[in-house]
Amino acid sequence: RAATWDELPAEAVRPGVSRCAFGTEACQLVMNTCQPGMELRPHSHSFDQIALITSGHGRYHVGETAHDVGPGSVLLVPAGVTHFIETVHETMENIDVFAPARGDYLHLLAWMRDEPRTADDAR
């Protein structure tokens, strides 16, 4: 399976935030688009998360530390640690990596199950 992020169906999460995903139940990439002025939602979960900033600049808060981030920044968010993204003055995009996939995000992969598989998908 091959696609570009722009081709994937996105869902609105809350005002200023949308996401789409690529993967399987074993591993999942989630692209988040965060607009300036978005509602901040500090949260934690019971699994590790890797975040890669692909565009824009801002602050990624992990625990008590605010990291200034931009394209190419990579962060580890350990299980149980409160975290959130804060945009500064431009749209930010980041890819979150989950292995295994988040159960509450599996619906984002429905488009992959609905498409017919090709010989290229088996490679």
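This is a predicted model: local features need pLDDT of at least 70, side-chain atom pairs count only at pLDDT 80 or more; totals for chains, interfaces and linings use all residues.
View 1. The structure holds four salt bridges.

**View 2. Arg19 meets Glu11**. The N to O distance in this salt bridge is 2.9 Å. Arg19 is buried at 14%. Glu11, at 22%, counts as partly exposed.

**View 3. Arg102 bridges to Asp104**. Their closest N and O atoms lie 2.8 Å apart. Arg102 is buried, with a relative accessible area of 13%. Asp104 is partly exposed at 47%.

**View 4. Six side chains make a nonpolar surface patch**. Leu29, Ile50, Leu52, Val74, Leu76 and Val97 cover about 470 Å² (patch residues have over 30% relative accessible area and no salt bridge; nonpolar side chains, Val, Leu, Ile, Met, Phe, Trp or Tyr, are joined within 5 Å, like charges within 9 Å). Areas come from the Shrake-Rupley method with a 1.4 Å probe; for residues, only the protein chains shown count as cover. Strands E4 (49–55) and E7 (74–77) each supply at least two patch residues (strands are DSSP runs of at least two residues, numbered from the N terminus). Val97 lies in strand E9 (residues 92–98). Val97 is partly exposed at 31%.

**Notes.** Residues are numbered from 1 along each chain as its sequence is written, and side-chain values use heavy atoms, without hydrogens and water. Local features need pLDDT of at least 70, side-chain atom pairs count only at pLDDT 80 or more, and totals for chains, interfaces and linings use all residues.

Conventions: Helices (H or I, at least four residues) and strands (E, at least two) are DSSP runs, numbered from the N terminus. Buried means under 20% relative accessible area, exposed over 50%, partly exposed in between (1.4 Å probe, protein chains only).
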